[in-house]
Amino acid sequence: MNSREILLDRLFSLYVRIRDTDYYGNFQCITCGTNKGWYDCTCGHFRKRSHRATRWHPMNAHAQCATCNTLDNYALYEMKMIEMYGRQQVEELVALSRTMPKITSSEIEEKIYKLRKLCHNIQKSEKLKINVP
């Protein structure tokens with residue numbers, strides 16, 4: 001993995017964590033439902049990060065507590081995903097994750113640009129004090 005993909009991972013993780021927190025900086029873990037503060041939040045992927053087609057897909061990642069993110073609780077995460085998006089969309093995401101796309105450097109740069117912009121916009125609108133890489 002190159003340095004731009006590492007930056008993209010960091011930005012995507014930041015985006016997911018701030019997207020899924022409330023105005024007060026709290027989040028509810030997608031799998032166990034525990035409410036915690038923003039700094040205890042991790043970016044949990046439904047389909048593992050090794051699936052490059054869905055690695056940076058917003059529907060594939062949600063705020064998750066550190067405990068749940070380290071456990072292999074796929075069945076519970078899948079149940080929550082179906083509640084949120086419906087079975088058909090989850091099945092389509094799983095099918096997409098099984099594809100092997102070639103992601104170009106220009107696509108990575110475009111994703112970095114868009115995620116930076118989203119993070120800055122959320123930061124301004126919610127007056128969060130975070131460092132956007």
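A: Helices are DSSP runs of H or I with at least four residues, strands are runs of E with at least two, and both are numbered from the N terminus. A polar contact is a pair of N or O atoms within 3.5 Å; within protein, one atom must be able to donate a hydrogen and the other to accept it, and residues adjacent in sequence count only if both atoms are side-chain atoms. The model is predicted, so local features need pLDDT of at least 70 and side-chain atom pairs count only at pLDDT 80 or more, while totals for chains, interfaces and linings use all residues. Residues are numbered from 1 along each chain as its sequence is written, and side-chain values use heavy atoms, with hydrogens and water left out.

The part to look at is helix α1, which covers residues 3-19. At its start, a side-chain oxygen of asparagine 2 comes to within 2.9 Å of the backbone nitrogen of arginine 4. The expected span of a helix is 1.5 Å times one less than its number of residues, so the 17 residues of α1 should span 24 Å, and this agrees with the 24 Å between its end C-alpha atoms.

The next point is how much of the helix is covered. A residue is buried under 20% relative accessible area, exposed over 50%, and partly exposed in between, using a 1.4 Å probe and protein chains only. Because twelve of the 17 residues of α1 are buried, the helix is largely enclosed by the rest of the structure. Among these buried residues are Leu7, Leu8, Leu11 and Phe12, but also Glu5, Asp9 and Arg17.

Glutamate 5 pairs with arginine 52, their closest N and O atoms being 2.6 Å apart. Arginine 52 lies in the loop between β3 (41-45) and β4 (61-65), so this pair ties helix α1 to a part that is 47 residues away in sequence. Glutamate 5 is buried because its relative accessible area is 8%, whereas arginine 52, at 27%, counts as partly exposed.

Aspartate 9 forms a salt bridge with arginine 55, again with closest N and O atoms 2.6 Å apart. This pair also links distant parts of the chain, since arginine 55 sits in the loop between β3 and β4, 46 residues from aspartate 9 in helix α1. Arginine 55 counts as buried at 8% relative accessibility, and aspartate 9 counts as buried at 12%. Asp9 and Arg55 also belong, together with Arg49, to a network of salt bridges.

At residue 19, arginine 19 forms a salt bridge with aspartate 20, the closest N and O atoms being 2.7 Å apart. Arginine 19 counts as partly exposed at 25% relative accessibility, and aspartate 20 is partly exposed at 24%. The structure has six salt bridges by this rule.

Conventions:
Salt bridge = Lys/Arg side-chain N within 4 Å of Asp/Glu carboxyl O.
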